Amino acid sequence: MPKIGIIGGSGLENLNVLEELTERHMNTPYGLPSSSFFEGKFHGLETIILSRHGRKHMITPTGINNRANIWALREMGCTQILATTACGSLQEKIGRGDLVVLDQFIDWTKNRRLTFFDDFLPQVMNHTPMADPFSEELRKVFIDASKELGIKLHQTGTVISIEGPRFSTRAESKMFRMFGADVINMTTAPECILANEMNIPYAAVALSTDYDSWKDDEEPVSWEAVMEIFEANVKKITQLLLKSLQILA
C-alpha cells in the first residue's frame, strides 16, 4: 500500500482533509522542515501533508529547507510525493487559472542546496539520472483525475524555477520563453531533484496565475494579482489533488 506525501504550495498552507488526523514534528540531519506534518488517512490511504512555505507562508523560496522536507518525508515512509505550485505562464495558450502537469524542469536557481550528495563515498559516484524527473505514473493520475472532474488541464509543461523572491524582468521573461519553458515558478527546483535522489516518485501540478513579465500589452505580474487568481481557483486544484488521492487509494 503506498504512503503519499503531499507538499502544498502557495494557497494550500493549511490543507486539512484527512481522517484520523495527527500532527507530527520532525527534525532531520539537515535541520527543521518547513512545517509540522499532518498525518492521517484519505479513503484509507495513508497520507502526510507538508506546507512548503510554512503554515503562515513566511518562508521565502530560497529559504525553504528542501533537503529537510524530502528527508523527513522519506523517513516517515512516503513512497510517492504529489506537489502543488503556483506558476506564471510563458505561453499564450496557458491562461490564468489553467492547470499544468509538469513533465520537465529547468533549474535557474543560484543559492540553494541542490543535492544530498555533498561528498562522494569511495567508488560511489552519485550522479542521479534526471532526464525525466517527474513520475509518469503519478502524472497520469493527475491527468485521469482531471478527466473525471472535467477540469481543463495541460498534460505537459516545462517549468523554469528562478531564485526569487523577485519576479522576472521583461528581458528575462522573454529569454525564458526562448529557452522553451512553458511556465515559471520559484520552487520546483531543487525539490524535484532531491526527491529523485531519494528515489521517491514525484509529480507536480501547477496553477497558472499570471503571464510573468513577457507580455507588453498588460501589466507585469504582482503578488496581489497572483493571490487573487489563486484564491479564485484554489477549489479546483484542491479537487484535483483529492481526486488523485482517491485514484491512488
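Predicted model: local features only at pLDDT ≥ 70, side-chain atom pairs only at ≥ 80, totals over all residues.
Hi everyone, let's start with the helix pair. Two packed helices are described by the angle between their axes and the distance between the axes. Here, helix α2, residues 136–149, and helix α5, residues 223–248, have axes that come within 8 Å and cross at roughly 115°. That makes α2 roughly perpendicular to α5, and the crossing is right-handed. On the α2 side the contact includes Leu138, Val141, Phe142 and Leu149, while α5 brings residues including Leu240, Leu241, Ile247 and Leu248. Sorted by class, this contact has nine nonpolar, three polar and three charged residues.

Now to helix α4, residues 188–197. How many of its residues are buried? Ten of ten, so to speak: the helix is mostly covered. Among the buried ones are Glu191, Asn196 and Glu197, along with Cys192 and Ile193. Pro190 is buried too, and a cis peptide bond joins alanine 189 to proline 190, with omega about 10°. Just after α4, asparagine 199 takes a positive phi of about 60°.

On to the rest of the backbone. Most residues other than glycine have a negative phi, and most peptide bonds are trans. Another cis bond runs from glycine 164 to proline 165, with omega near 0°; proline 165 lies in the loop between β9 and α3.

Glutamate 20, in strand β2, has a positive phi near 50° and is exposed, at 61% relative accessible area. Histidine 57, in the loop between β4 and α1, also has a positive phi of about 50°, but is partly exposed at 27%.

Thanks, friends!

Methods: Residues numbered from 1 in each chain as written. Heavy atoms only, no water. Axes fitted to C-alpha atoms, helices over the stretch in contact; angles between N-to-C directions. Helix = DSSP H or I, 4+ residues; strand = E, 2+ residues; numbered from the N terminus. Parallel < 35°, antiparallel > 145°, perpendicular 65-115°, else oblique. Left-handed = near helix turned anticlockwise from the far one by under 90°. Contact = heavy atoms within 4.5 Å. Nonpolar A, V, L, I, M, F, W, Y, C, P; charged D, E, K, R; others polar. Buried < 20%, exposed > 50% of the residue type's maximum accessible area, 1.4 Å probe, protein only.
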